[in-house]
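Here is a friendly walk through one model, written for someone who likes to know the cut-offs behind each term. Please keep the viewer open as you read.

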Amino acid sequence: MKMSYHYTFLLLIIVSISTSLNGICRADPTDGFTLLPLTNDNIKLQKPYNEPLDDRYSFDDGVRYAYVPKGTSGVTIMQIHGARQGATTLQLRIYNGDLKYYKFDVIEKNLYDKWFRVNVIHNVDEGELTVYINGKKKYVKNDQGPGDLYFKCGVYAAPAGSSKYMESRWKGIKIYKK
């Protein structure tokens, strides 16, 4: 799934993935932001050239499907595509249940089989990325420089050795600006 916005301001992406919130979220990273409409006009569904879209994507009752099951490893579940250096500004990947910045820094551990909330703030003017898990700031990193930036979520085989079966479930996707 691809949403293209050519803004040079702070972008907030909210995505829900597998883990119960159970009141864990104390701070609201959306404070001070304006909700942008998310419609079929600003969503582009992508697929492998050899797979029919109906075999790998569905949209039912507000849930857009794409789930990384327990045991799946080495897959990107969310990214900000475009950058001066490299193809992406951010990739969030699952390795053995842990969420990582690309294949490097661990952002959160043990996320298999749980709904959890991911907030990503990309401050383009400052060149900074901030990742929140369940409303708690977990990671801050400089971005890869300006580019034709857009948000993607789903499942993407990242490095060699990614599992052959991949699925992720997303709901409540929202995009905010400031």
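Predicted model: local features only at pLDDT ≥ 70, side-chain atom pairs only at ≥ 80, totals over all residues.

## Two tyrosines to start with

Are Tyr 101 and Tyr 139 buried or exposed? Both Tyr 101 and Tyr 139 are buried, where buried means under 20% relative accessible area, exposed means over 50%, and partly exposed covers what lies in between (1.4 Å probe, protein chains only).

Residues are numbered from 1 along each chain as its sequence is written, and side-chain values use heavy atoms, with hydrogens and water left out.

## The aromatic cluster

The structure holds two aromatic pairs; rings of Phe, Tyr and Trp (its six-membered ring) pair if their centres lie within 6.5 Å, and planes under 30 degrees apart count as stacked, over 60 as edge-to-face and the rest as tilted. The rings of Tyr 101 and Tyr 102 have centres 4.8 Å apart and planes at 85 degrees, so this pair is edge-to-face. For Tyr 101 and Tyr 139 the centres are 5.3 Å apart and the planes at 35 degrees, so that pair is tilted. Strands (E, at least two residues) and helices (H or I, at least four) are DSSP runs, numbered from the N terminus.

Together, the ring pairs link Tyr 101, Tyr 102 and Tyr 139 into a cluster. Tyr 101 has a relative accessibility of 5%, and Tyr 102 is buried too, at 11%.

What is the sense of pairing between E6 and E7? They run antiparallel, joined by six bridges; two strands pair if DSSP finds at least two bridges between them. Met 78 stands opposite Leu 92 in E7. The two strands form a hairpin with six residues between them, and Gly 82 in the turn has a positive phi of about 100 degrees.

E7 also pairs with E8, again in the antiparallel sense, over four bridges. Here the bridge partner of Leu 92 is Tyr 101, a member of the ring cluster. Eight of the eight residues of E7 are buried, so this strand is largely enclosed by the rest of the structure.

## The nonpolar core

The largest nonpolar core has 28 residues, and Met 78, Leu 90, Leu 92, Leu 99, Ile 107 and Val 120 touch the most other members. Such a core is a set of buried Ala, Val, Leu, Ile, Met, Phe, Trp, Tyr and Cys residues joined through side-chain atoms within 4.5 Å. Strands E6, E7, E8, E10, E11, E13 and E14 each supply at least two residues of it. E6 gives the most, with four residues.

## Strands E10 and E11

Strand E10 (residues 115–123) is mostly covered, with seven of its nine residues buried. Six bridges pair E10 with strand E11 (residues 128–133) in the antiparallel sense, and Val 118 has Ile 133 of E11 as its bridge partner. Four residues separate the strands in this hairpin, where Gly 127 takes a positive phi near 65 degrees.

Thr 130 is found in E11 and counts as buried because its relative accessibility is 7%. Setting aside residues up to four places away in sequence, Thr 130 touches Asn 119, Val 120, Ile 121, Lys 137, Tyr 139 and Val 140; contact means heavy atoms within 4.5 Å.

## Backbone angles worth a look

Most residues other than glycine have a negative phi. Against that background, Tyr 102, in the loop between E8 and strand E9, has a positive phi of about 50 degrees. Asn 134, in the loop between E11 and E12, has a positive phi near 50 degrees, and Asn 134 is buried, with a relative accessible area of 8%. Asn 96, in the hairpin of E7 and E8 with two residues between the strands, also takes a positive phi near 50 degrees.

## Lysines over rings

Where does Lys 100 lie? Lys 100 lies over the face of Tyr 95, at 5.3 Å from the ring centre. The charged end of Lys 178 sits over the ring of Phe 33, 5.1 Å from its centre. A charge sits over a ring if NZ of Lys or CZ of Arg is within 6 Å of the ring centre and within 35 degrees of the ring normal.
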